[in-house]
Amino acid sequence: MEEKKFDVQSLIGFLLIGGILLWMLYNNTPTEEELEAEQNTEQVEIPGNTDANEPPARTEATEIQDSTAMAQARERLGAFGYSAGLASAGDESTTFSNDVLELEIENKGGSISEARLLNFKTYDSIPVYLIKDGNASFNLNFTTTDGRVLDTQNLYFEPEISQNGDNKVLSMKLKVSENEFLEYRYVLKPGEYMLDFSIRSQGLNRVFNPNQDIELDWKLKGYRHAKSISYENRYTELIYEYDDGDDDYLGQGDFTEDEEENITYVAFKQHFFTSILLTDTPFKRGKFTSENLVQDEEVDTVYTKAFTASMPLELNGGELNYNMNWYYGPTDYKILNDYDRNLDEVVPLGWGIFGWINQHIFIPFFSFLSGVLPSYGIAIIVMTIVVRIVLSPVTYKSYLSQAKMKVLRPEINELNEKYKDNAMKKQQETMKLYSKAGASPMSGCLPALMQIPVFYALFQFFPSAFQLRQKGFLWADDLSSYDTIAQLPFTIPFYGDHVSLFPILASIAIFIYMMMTTGQSMAQTQQPGMPNMKFIMYLSPLLMLFFFNNYASGLSLYYFTSNLITIGIMLVIKYVIIDEDKIHAKIQENKKKPKKQNRFTKKMQEMMEQAEEQQKQKGKK
């Protein structure tokens, strides 16, 4: 066998190969400087940028891209394409507030996107927002000289906030150049729900088409803020002032619309809270709509009504210049009345004498009572007592008339029997009896009619009294809404899904009062073929019970207290003041005395005698 020998050449070859590998590894190992440079390359490097905090240098491709976007914006928006290229062309907003009101104004559209009342909560303890989540919009629609039709709500305004003394000022400018723009200017004063608002333009006379109206469109869907959406919706409506002081409203239909000229303010009232746009320069016309959004109380619980208002803005020398105001706040008579701009008409106090009674008597008197008494419920009771005492002479007159008629009832029955076949003669003799006795069935009706303005004024006052909102009394946690002593597992039509105690007490008191005043006379005067008046008397309190179950508990408390006091006054009149025997004796004395007839009674008797004579002549023929 051949013996293997050590190959020196192979060894030399392996050594050479190993040396070469070591030399290559040595030469490819990075230095400390190279390692540091390699770490820096992990960050985005931009040629020519020596500071990592500086923005990237604009490349030629970026500039071309921006130029293309600007060209497209100008192609689409014309002169207003300038605003699309500013830094403010985004979805940013500016918060603007004082101690009672917080507003958020969007760059896009330049209008208010949120309006929050800082001192109030809804029935379920969340903040009161009049504007939020796109429920409102404010837009100017206009045509440009190059034929484009644009909406400000789609364009970007540039905000600038400043201070003017204690007032905060926010300028929102929609620019076509640095010194040419459309401006919305907001000025918010400390402690005020009313802010100054102006719309003006500068250098846009070459942009606006003077032959086309600039249309102002304002829309709002009213948020639900109260426990009873049906009750709140009953007092939610669109109101507007026109012709320098006249006012009107759209009503409560499913969909209503109207148009008027010379509009000075528009109010979207949501019962206890209101959004109002006022202008110093009247809009030459206005178109308004109101749509009821509550079709099912169990389902539709977010919004009450949807309002729209559309008014044209007129150019002056090719420019816009309107001084206006926004009001976002409570529907409080005192606050609105203090502005001295006829805004008290937003509060539904009743027309004519009813509104006058509320404005000059009940509102000041209730404000005084609520300021000195420990609770609003006690203030209602005290005011009711005072009202009933003031009206007690009228109650006395009414009851005295009823007592006289009761004493005369036997004689009237005799006349009815004696002249049952001669209606004309029966009427003549009955009137003679009334005249001699000094009694009249109308004398009992007139005092009752005199009380109607007071009762109706109070019926309007309590649902509109902002002071009662979320003020509790006894078991009622909110006198401006219904009280609840039991929650029903189902809903009764026209009644609701709850049981309110104050309406029950008020209905019982009304029933007792009606029994005392009309029960006996109804039984005596029931005629064949006539409606069952006793049934009507029983039905009336039941209807009141259904009607008031969803009304303000403060109103039910008033009616309950009022009828209790009236019952007490009538018992005192009946058993202490009035003596029916004395009344009977007085009537007999009056019948013996020659009665001087007044001109009206004498004329009526002459007419009846003539009619009777004509009837006799006709019978002979």
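Analyst: In this text, helices (H or I, at least four residues) and strands (E, at least two) are DSSP runs, counted from the N terminus. The model is predicted: local features need pLDDT of at least 70, side-chain atom pairs count only at pLDDT 80 or more, and totals for chains, interfaces and linings use all residues. Residues are numbered from 1 along each chain as its sequence is written, and side-chain values use heavy atoms, with hydrogens and water left out.

User: In which loop is the place of Asp 133?

Analyst: Asp 133 has a positive phi of about 55° although it is not a glycine. At 60% relative accessibility, Asp 133 counts as exposed, where exposed means over 50% relative accessible area, buried under 20%, and partly exposed in between (1.4 Å probe, protein chains only). The place of Asp 133 is in the loop between strand 4 (127-131) and strand 5 (136-143).

User: Is Leu 474 buried or exposed?

Analyst: Leu 474, a residue other than glycine, has a positive phi near 55°. Leu 474 belongs to the loop between helix 11 and strand 18. At 63% relative accessibility, Leu 474 counts as exposed.

User: How many residues apart in sequence are the parts that Arg 206 and Glu 180 tie together?

Analyst: Arg 206 and Glu 180 form a salt bridge (a side-chain nitrogen of Lys or Arg within 4 Å of a carboxyl oxygen of Asp or Glu), and their closest N and O atoms are 2.8 Å apart. Arg 206 lies in the loop between strand 10 (194-202) and strand 11 (214-223) and Glu 180 in strand 9 (residues 180-188), so the parts tied together are separated in sequence by 26 residues.

User: Over the face of which residue does Lys 227 lie?

Analyst: Lys 227 is partly exposed at 24% relative accessibility. A charge sits over a ring if NZ of Lys or CZ of Arg is within 6 Å of the ring centre and within 35 degrees of the ring normal. At 4.5 Å from the ring centre, Lys 227 lies over the face of Tyr 482.

User: Which residue meets Asp 280 in a salt bridge?

Analyst: Asp 280 lies in strand 15 (residues 273-292), and its partner, 61 residues away, lies in the loop between helix 6 (333-338) and helix 7 (352-372). The N to O distance is 3.4 Å, and the partner is Arg 341.

User: How many salt bridges are found in the whole structure?

Analyst: One network of salt bridges links Glu 158, Lys 175 and Glu 178. A search of the whole structure gives a total of 14.

User: Why is the pair of Trp 218 and Trp 326 classed as it is?

Analyst: Rings of Phe, Tyr and Trp (its six-membered ring) pair if their centres lie within 6.5 Å; planes under 30 degrees apart count as stacked, over 60 as edge-to-face and the rest as tilted. Trp 218 is buried at 1% relative accessibility, and Trp 326 is buried at 3%. The ring centres of Trp 218 and Trp 326 are 5.0 Å apart and the planes stand at 70°, so the pair is edge-to-face.

User: What relative accessible area does Leu 313 have?

Analyst: Leu 313 is in strand 16 (residues 303-313). Not counting residues up to four places away in sequence, Leu 313 touches Leu 140, Ile 199, Ile 214, Leu 216, Phe 283, Leu 320, Tyr 322 and Met 324, contact meaning heavy atoms within 4.5 Å. Leu 313 is buried, with a relative accessible area of 1%.

User: What accessible area does the nonpolar patch with Leu 543 have?

Analyst: Patches are made of residues with over 30% relative accessible area and no salt bridge, like charges being joined within 9 Å and nonpolar side chains (Val, Leu, Ile, Met, Phe, Trp, Tyr) within 5 Å. Accessible areas come from the Shrake-Rupley method with a 1.4 Å probe, and for residues only the protein chains shown count as cover. Leu 543 is in helix 13 (residues 533-548) and is exposed at 52%. Together, Phe 494, Leu 539, Leu 542, Leu 543 and Phe 546 have an accessible area of about 510 Å².
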